[in-house]
Amino acid sequence: MKVLRTTYLIKAGSFGTSPEWEARHAQICKAITGVEWPTGSGAFTLYAEKQANGVVPIKKSCMADLKKFGWDLETRFSPSQEKRPGPIDATCREKGKLLCLEWETGNISSSHRALNKMALGLITGEFIGGVLIVPSRAMYFYLTDRIGNYAEIQPYFPVWQSLNIKEGVLAVIEIEHDALSMDVPRITKGTDGRALR
């Protein structure tokens, strides 16, 4: 799988240029580029049909690699006594705070929630950073209908860029398939509520 770009919505203080962040960013990119389909093929090839591929299985390999790098999976975050947000896909600790990563498997509303959750952690000082991984618009065409994607979330970047954060990183990583083929299996769709994912 390809990493097309990392876009920084927030890069404040020293953490964004620190060796710790550079190492963690490298781990994230390595885990992404290591995602293969079919498994063992050495590349990530989508079945070339509109909305033919599920999204949940795609992130599993990335999460497994992050775990090998020492990240924790499915971490709960409780910013207040209010209803707790859902678990964060992967976290690790840097400078005594959480660095968080979310891999988008829901719709565009889910992308907003993920960025808001990570921005909230930066505001409260519990997080040192947050990363959202989303497919490119080209990749979106072949995935579950309405999956959150870079082109759709990009117009809202100024909302998070306007936050007054003294220290931390909030970034969006855009990913894309290596190739398309009618000769590979479709990626299985799971269920998320009533929607196929």
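**Close-up 1. Gly130 faces Leu170 across the pairing of β6 with β7.** Gly130 stands opposite Leu170 of β7 in this predicted model. Further along, Ile133 has Ile173 of β7 as its bridge partner. Strand β6 covers residues 127-135 and is joined to β7 by seven bridges. The two strands run parallel.

**Close-up 2. Strand β1 pairs with β7.** Nine bridges link β1, residues 2-12, to β7. Here the strands run antiparallel. Ile10 is the bridge partner of Leu170 in β7.

**Close-up 3. Strand β7 is buried on both faces.** How many of the nine residues of β7 are buried? Nine of the nine, across residues 168-176, so the strand is largely enclosed by the rest of the structure. One side carries Gly168, Leu170, Val172, Glu174 and Glu176. The other carries Val169, Ala171, Ile173 and Ile175. Both glutamates, Glu174 and Glu176, are among the buried residues.

**Close-up 4. Six strands form an open sheet.** The strand order is β1-β7-β6-β5-β4-β3, and the pairing is mixed. β1 and β3 (72-75) stand at the edges. Each has a single partner strand, so one side of each is left without a neighbour in the sheet. From one strand to the next, the twist averages 25°.

Close-up 5. At the N-terminal end, a side-chain oxygen of Asn107 lies 3.0 Å from the backbone nitrogen of Ser109. After the helix comes Gly125, with a positive phi near 85°.

**Close-up 6. Buried residues of helix α3.** An α-helix has 3.6 residues a turn, so residues three or four places apart point the same way. The buried residues of α3 include Ile108, Ser111, Leu115, Met118 and Leu122. Ser110, Ala114, Lys117 and Gly121 are also buried, as is Ala119.

**Close-up 7. Helices α1 and α2 cross.** Helix α1 covers residues 19-33 and helix α2 residues 56-68. Their axes come within 8 Å and cross at roughly 140°. That angle makes α1 oblique to α2. The crossing is right-handed.

Conventions: Residues are numbered from 1 along each chain as its sequence is written. This is a predicted model: local features need pLDDT of at least 70, side-chain atom pairs count only at pLDDT 80 or more; totals for chains, interfaces and linings use all residues. Side-chain values use heavy atoms; hydrogens and water are left out. Buried means under 20% relative accessible area, exposed over 50%, partly exposed in between (1.4 Å probe, protein chains only). Helices (H or I, at least four residues) and strands (E, at least two) are DSSP runs, numbered from the N terminus. Two strands pair if DSSP finds at least two bridges between them. A polar contact is a pair of N or O atoms within 3.5 Å; within protein, one must be able to donate a hydrogen and the other to accept it, and residues adjacent in sequence count only if both atoms are side-chain atoms. Axes are lines fitted to C-alpha atoms, for helices over the stretch in contact, and angles run from 0 to 180 degrees between N-to-C directions. Angles under 35 degrees count as roughly parallel, over 145 as roughly antiparallel, 65 to 115 as roughly perpendicular and the rest as oblique. A crossing is left-handed if the near helix is turned anticlockwise from the far one by less than a right angle, and right-handed if clockwise.
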